[in-house]
Amino acid sequence: MQQPMEEEKVFKDPVHKYIYVQDQTIWDLINTREFQRLRRIRQLGTCFLTFHGAEHSRFSHSLGVYEVTRKIISQFERNQYEDWPREERLLCLCAALLHDVGHGPFSHSIEKTFGTHHEDWSCRIVLGNTEVNEVLKRVSPTFPQQVAGVIAKTYQQEIVVSLVSSQLDADRMDYLLRDAYFTGVNYGTFDLERILRVMRPYQGHIVVKESGMHAVEDYLMSRYQMYWQVYFHPVTRSAEVVLHKIFQRAKQLFEEGYPFHFLLEPLPSLFGNRLTTEEYHLLDEALMQTVLMQWTMEEDAVLADLCSRFLQRRLFKYVTLEIMDVGMLERLREKIGNLGLDPSYYLEVDFPSDQSYDVYRPGEQDEKLPILLLDAHDTLTEISRKSEIVRSISGIQNGKYHLYYPQELVLKHLPALDKEIRKLLRS
């Protein structure tokens, strides 16, 4: 059963100014050990190595998503929209707060290496033997399953899911503003208050009044700019490449029975793909930074070198490729190998696809729910059909291949090879 708060709680926030907690369930969830772990997980992974201010946490982002959702629902309730299911208010707020509770340290690198997904872990935490689950069960015995359904996007009411996961959701609106603030760029700024004012519940959907189209265009353009200028900055991607190689090397060594001098729990369970929810709680970036520091002293030269590179920001250099030439790549792998470097760890081609951040792609299979405009005649139209701006940026794939390699080692041992690699810029 839902409990009223004795006194409203307030968080001071640099993005939303204030975050208001008015439900005892929300307050209790914030104070669970699983949610508090998010203080120890950076929101932007390796981005702090490019934008030094990007030290904000999943904790602050999750509070922000909750607050944006609370504002949307408050606007719906103030205007007494008939299409808004009032009984789903607490469900939306809890799902918004907990949507990222399953994120691990440097989560996208870990997910890529070990085949995990943070949404699956979020659901496991919500449904498992956890403090989060205990709080949710106080609302009703089936409430954890409902929250997990919203996070997994299987809940039967689209209008509830779309507040947390759609092309115009509370998650994206918070992380764009928050990431822009902490990286110090202006790309991610847009008029949040205007968008909230023109959002409506309508026939089971979250829609936008057509008069608010320009505010949504601004939001989508901000998303587009952040995508290419921040989330896919090539230096950040280099740090991601190095980190992924570290996890890849450590996993291989573990599987080969290598005698690590330093291997904290729960890393053996992580490498063996048998992590429990209790063990997952131990995984945070403080632990991983300690492990990486210790691994700089491991006898395995590849692992030690990669960890030193990441911690000391001696990242791989890159060249930009217009096209992907498989034959050329194989020749480079052979030459890198001739230098005594394992090309599996010291040569990588990266392309900005299948990542957590994306540009707006209306109507594609498996894409999030599109943005619908509601005109004066109560007709719904997908936004790119009416907006030239959205049409021009929708689904644009102007990313290029980046070839990453340890330039200083190549220059030291074979300067001619580095010249060959650099020529790829002009080919």
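**Figure 1. Residues that line the second largest pocket.** The second largest pocket has a lining of 13 residues, and those nearest its centre are Lys71, Gln75, Arg78, Glu193 and Arg197. The model shown here and in the other views is predicted. The space in the second largest pocket comes to about 240 Å³. Two helices, H3 (58-78) and H11 (192-198), each supply at least two residues of this lining. H3 provides the largest share, with 6 residues. By residue class, the lining of the second largest pocket holds 7 charged, 3 polar and 3 nonpolar residues.

**Figure 2. The second largest cavity and its lining.** The structure holds 3 cavities of 30 Å³ or more. The second largest cavity, the subject of this view, has about 80 Å³ of space. It is lined by 14 residues, and Ile110, Glu111, Thr116, Trp121 and Tyr280 are the closest to its centre. Helix H5 (107-114) and helix H6 (118-127) are the elements that give two or more residues to this lining. H5 gives the most, with 3 residues. The lining of the second largest cavity divides into 7 polar, 6 nonpolar and 1 charged residue.

**Figure 3. The hairpin of strands E1 and E2.** Strand E1 covers residues 4-13 and strand E2 covers residues 17-23; the two pair in the antiparallel sense over 6 bridges. The hairpin that joins E1 to E2 runs through 3 residues. Within this pair, Lys12 stands opposite Tyr18 in E2.

**Figure 4. The open sheet of strands E5, E9 and E6.** Three strands form an open sheet in the order E5-E9-E6, and their pairing is antiparallel. Strand E5 (317-321) and strand E6 (348-350) are the edge strands, each pairing on one side only. From one strand to the next, the twist averages 25 degrees. E5 pairs with strand E9 (residues 401-405) in the antiparallel sense over 5 bridges. Tyr318 can be located in this view opposite Tyr404, which belongs to E9.

Figure 5. Helix H13 is made up of residues 234-255 and lies across E5, E6 and E9. H13 runs at about 55 degrees to E9. The strands that H13 lies across are those of the open sheet with the order E5-E9-E6.

Methods: Residues are numbered from 1 along each chain as its sequence is written. This is a predicted model: local features need pLDDT of at least 70, side-chain atom pairs count only at pLDDT 80 or more; totals for chains, interfaces and linings use all residues. Side-chain values use heavy atoms; hydrogens and water are left out. Two strands pair if DSSP finds at least two bridges between them. Helices (H or I, at least four residues) and strands (E, at least two) are DSSP runs, numbered from the N terminus. On a 1 Å grid over the protein atoms alone, a cavity is a set of points where a 1.4 Å probe fits but cannot get out, and a pocket is an open set with protein on both sides within 12 Å along at least five of seven lines; lining residues have an atom within 4 Å of a point. Grid points are joined across faces, edges and corners, and a volume is the space filled by probe spheres set on the points. Ala, Val, Leu, Ile, Met, Phe, Trp, Tyr, Cys and Pro count as nonpolar, Asp, Glu, Lys and Arg as charged, and the others, Gly among them, as polar. Axes are lines fitted to C-alpha atoms, for helices over the stretch in contact, and angles run from 0 to 180 degrees between N-to-C directions. Contact means heavy atoms within 4.5 Å.
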